[in-house]
Each structure stands twice: as C-alpha cells, then as structure tokens.
Amino acid sequence: MADAAHTRRVFSGIKPSGGLTMGNYLGAIKRFVEMQNADYQSIYCVVDMHAITVWQEPDDLRHATRELVAAYIASGIDPDKSILFNQSQVSAHAELGWVFNCVARVGWMNRMTQFKDKAGKNAEAVSLGLYAYPSLMAADILIYHATHVPVGEDQKQHVELTRDIAAKFNHDFKVPDFFPQPEPIIDGPATRVMNLRDGTKKMSKSGQSDMERINMTDDAALIAKKFKKAKSDAEPLPETLAGLAGRPEAKNLVEIYAALSDTTPEAVIAEFAGAQWGRFKPALADLAVAKLEPISLEMARLMQDPAEIDRILAKGADKANAIAQPILDKTYDIVGFVRH
Ligand code: TRP
C-alpha cells in the first residue's frame, strides 16, 4: 500500500498488445509478484498509451487491457497490496512525458536500439509516438519517483535513458535531488524465454506459428502438446551447465523448467543429468501444466466480469494519481508553468 515507510518503490509496466505468453509471465509478472511480497511499494501498470505507438484495433485494445489485468491478478498481484492500473487513466504520465520530450535530445533517441529494430527500413513511416516512446517510459517511472524497475534485458537501455533524463532535468533546473536515479532489476533464470521452435529467437506473441509459444490462455492439453513437440536436439541432457553451450533449444527448456519450479538451471541439470528428452519433456510438460493451468483458469474466470476489472483499474488509478499528481505539480512549478 501507499505508505511512507517504504523507501523502495517499484514501477513496471507491460503493453496490452496481443496475447500474453509464458515469456511475459516468467520474465515479468512472476517477478512483479515476488517484489510485491518483499519490502517494496509496488506499482504495476498496463501501459495502454505505449501500445498505441503501433496500430491497435480499439476493441482489441480494450480486451487486451482487461486480459492483462486478469493475468496480473491470476498470477498473484493483489490490488490491495500493489497499485494496479492502466496508464491512460493517470494523465500525469502523458504530461510529464511532454516535459521529458523537451529534456531528452534527439541524438539520445537515435541511439535507442529497440527503435532501430522495430522501425527497421521503415523509419520514415512509423509513428512519432514510437520514436518518443522511451521518453514516455521515463515519465512512467519518474512520475512516481520510483527507485527500482524490474524489466527484461531488452529494456535496460530505456532505463538508462530514464536515468539520463532525470539527471539532465535535475541539472538544468538546479534541483539536484528531485528525480531519483532508478535501478533496472534484470535477473532470474528465465528473463528471456525463447521460442519453442527456434531457441535463438525470443518467445513472442507475434511469432508465425502458435506452436512456438505458450499463451497464458492455452489449456492443459495444448500446453502439454507444445512442450512435447518443442524442438530439442539429438543429445541427452548434459552432466553440467557448461554442456548447454551451443545448444540453444536445450538451454531454453532447462531454463524454463528452472523458472517454473523456482530453482536454478544448475539444480535442474543435477536432477536430469544424462536424461533423454523422452523423459525430460514430459516432466517439463507436467510442471508447466501444474503451474500455468491454474492461472489460465483464473484468468478466464476474471474475464467473465469485465465490470469488476474496470472497477479495480479505477481504484488503482485513484491511488496512482494520489502519488503522481503532487509530483507533477512540483515539476510544473520547477519548470516555470503558472498555475492557480
Ligand atoms: N517498454 C516496456 C516494454 O516494452 C514497457 C514499459 C513501458 C515499461 N513503461 C515502462 C517497463 C516503465 C518498465 C517501466 O516491455
């Protein structure tokens, strides 16, 4: 809960665009739950304003927003312990984002590798919002003076940019301690869950074949089938962790097993040293079903009552706003905006 005794404040967000995969769960949501239950004040956001940097059908966006909330709650985010809301209901994000657009330099944005990857050869045709995205992300974090940001490896550069924006703002306006320097938290065995058909590619909601990913809405039979058909290789499991080198599919399956069972890849190798895939894959399928099926069933139950999800979001937005608005007011005073 919002209480001053917390000195550590976590902020993180997930985009509601398309379906959710086990990669989102193991790489993000599961860690969010752990931090909620440790000594952090936690703020978790459905970043709908980031989602529209690429085209979203409005009905699909509404559905994906509610489904992501259902996934957060079904995975263990408690809306009474954490602040859970969607970004567009707290206007301070966009307002601070504009101020940061005037702090960040074009040269900084040009170095963002994710933009370069996403825009590709099409850089002239993507939205201006996609280019400015990291500046809004900085605002998401700093509007709460958040200190810790659990993110995947691919977001590390954006958190570093957030630190640069905070430092430049503090320096330009001579308010040395106003915005804190947030720390990215990047750890856990499966921060990067790879595709089940190609262990060199990330598990993504937009990949070609449904067999390459586990969706958080998949039922038990489908989860089991996907793991049993997952690509592996001709060797049995190695005797040591080092034996996974150069075996991307094997490494991915071991890491998924470790993450699902809250242990380390070392421990999984110790348990399955020398095992054939015919033994490991069914064990992995059973484990995945045991961990993921209760979440997917609970998500489905929550999705039957969208009005209740919307009430949870509205309450979360009120709590978020109570922290964000005073920080925005102070920012506006610092910048020199006249207010009544
Ligand atoms: N950019 C993040 C992603 O694509 C999502 C995000 C938006 C975020 N705002 C954030 C993550 C603030 C952490 C903090 O995964």
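## Helix α4 and its two partners

The crossing of α4 and α13 is left-handed, a term for a near helix turned anticlockwise from the far one by less than a right angle, with clockwise giving right-handed. The contact brings together Ala92, Glu95, Leu96 and Val99 of α4 with Ala324, Leu328, Thr331, Tyr332 and Val335 of α13, where contact means heavy atoms within 4.5 Å. Seven of these residues are nonpolar, one is polar and one is charged. Here Ala, Val, Leu, Ile, Met, Phe, Trp, Tyr, Cys and Pro count as nonpolar, Asp, Glu, Lys and Arg as charged, and the others, Gly among them, as polar. Helix α13 covers residues 306-335 and packs on α4 at an angle of about 25°, with the axes 10 Å apart. Axes are lines fitted to C-alpha atoms, for helices over the stretch in contact, and angles run from 0 to 180 degrees between N-to-C directions.

Helix α4 (residues 92-101) also meets helix α7 (residues 128-142), their axes coming within 8 Å and crossing at roughly 125°. That makes α4 oblique to α7; angles under 35 degrees count as roughly parallel, over 145 as roughly antiparallel, 65 to 115 as roughly perpendicular and the rest as oblique. This crossing of α4 and α7 is right-handed. Among the residues in contact are His93, Leu96 and Phe100 of α4 and Leu136, Asp140 and Leu142 of α7.

## About the model

This is a predicted model, in which local features need pLDDT of at least 70 and side-chain atom pairs count only at pLDDT 80 or more, while totals for chains, interfaces and linings use all residues. Residues are numbered from 1 along each chain as its sequence is written, and side-chain values use heavy atoms, leaving out hydrogens and water. Helices (H or I, at least four residues) are DSSP runs, numbered from the N terminus.

## Helices α3 and α12

Now to another pair: the axes of α3 (residues 58-75) and α12 (residues 277-303) come within 8 Å and cross at roughly 130°. The two helices are therefore oblique to each other, and their crossing is right-handed. Residues making the contact include His63, Arg66 and Glu67 of α3 and Glu298, Met299 and Leu302 of α12. By class, the contact has eight nonpolar, two polar and three charged residues.

## Two domains

An automatic or database assignment divides the chain into domain 1 (3-191 + 305-335) and domain 2 (210-300). Their C-alpha centres lie 30 Å apart. At the interface, 14 residues of domain 1 are in contact with 18 residues of domain 2.

The domains bury about 1,300 Å² between them, 76% of it on carbon and sulfur atoms. Buried area is the accessible area (1.4 Å probe) that two parts lose on being put together, summed over both.
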